[in-house]
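Here is a short note for a colleague who is opening this entry for the first time. Please keep the sequence and the model side by side while reading the points.

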Amino acid sequence: MGFVFDTRPADSPFVEMIWRARSDEAGTFTSVAASNWELVFTACGGGTRVVTRGPETRASEAEYPAGAEFLGITFRLGTFMPHLPLSDLLDRRDAVLPAASGGSFWLHGSVWELPSYENADVFVGRLVRRGTVVRDPVVEAALRGRPPQVSVRSLQYRFLRATGLTRKLIQQIERARSAVSMLERGAAIPDVVFELGYFDQAHLTNSLRRFVGETPARIARRHTAG
């Protein structure tokens with residue numbers, strides 16, 4: 001295996017997940033659509049590259065080098081950095097953060113020590129206290145199904161500011177992920193169409209091709225083979 005991946009839950013309410021990976025050899029993988037943004041730290045060749053990676057609205061092929069170690073902090077929807085619009089980072093238009101001396105990097109005018117897999121929550125807490133990372137409670141409430149007391153236009157604006165995406169697109173991406181989960185658990189394709197409210201099987205197929213890079217039949221066959 002050329003790519004080894006590990007995750008853990010986060011203690012911070014601002015973080016969805018902490019992950020790490022290493023590559024024993026170079027290769028490619030399918031990067032599926034994702035609504036969340038991330039800070040990604042890549043150690044390779046004696047240095048560390050730090051990027052802010054925005055949401056992805058479609059599946060795409062991504063490369064990784066040999067002998068690299070990755071640390072990722074995936075932030076919850078509704079959490080964002082006011083100084084860096086997420087809409088500017090969509091679909092792998094990553095913002096590379098400048099390196100500083102002594103294993104640190106620059107972010108929004110300040111020098112920060114590189115976090116580790118174990119202390120990433122502490123690192124995020126410092127970002128929050130500094131005001132570098134904030135969250136929008138209106139967006140969070142809407143995502144939890146609690147309609148906020150704001151106009152439709154205001155809610156649309158706040159979704160774009162806090163996530164870089166429209167609420168509808170987030171729902172489409174999350175529905176595609178739910179479809180994959182159901183298929184991987186052995187659900188029949190017609191049942192997935194019905195349960196998740198797709199118009200028909202063609203609608204499901206088009207959605208998964210766009211967001212996941214696979215067809216429902218291929219995902220189902222993989223489950224059967226496993």
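1. Arg53 and Asp94 form a salt bridge, their closest N and O atoms lying 3.3 Å apart; the term stands for a side-chain nitrogen of Lys or Arg within 4 Å of a carboxyl oxygen of Asp or Glu. Because Arg53 sits in strand 5 (residues 47-53) and Asp94 in the loop between strand 8 (79-80) and strand 9 (95-97), the pair ties together parts 41 residues apart in sequence. Strands (E, at least two residues) and helices (H or I, at least four) are DSSP runs numbered from the N terminus.

2. This is a predicted model, in which local features need pLDDT of at least 70 and side-chain atom pairs count only at pLDDT 80 or more, while totals for chains, interfaces and linings use all residues. Residues are numbered from 1 along each chain as its sequence is written, and side-chain values use heavy atoms, leaving out hydrogens and water.

3. Arg53 is buried, with a relative accessible area of 17%, whereas Asp94 is partly exposed at 23%; buried means under 20% relative accessible area, exposed over 50%, and partly exposed in between (1.4 Å probe, protein chains only).

4. A further salt bridge joins the side chains of Arg20 and Glu118 (3.8 Å, N to O). Arg20 belongs to strand 2 (residues 15-23) and Glu118 to the loop between strand 12 (110-113) and helix 1 (120-130), 98 residues apart.

5. Tyr198, in the loop between helix 5 (189-196) and helix 6 (201-211), counts as buried at 5% relative accessibility.
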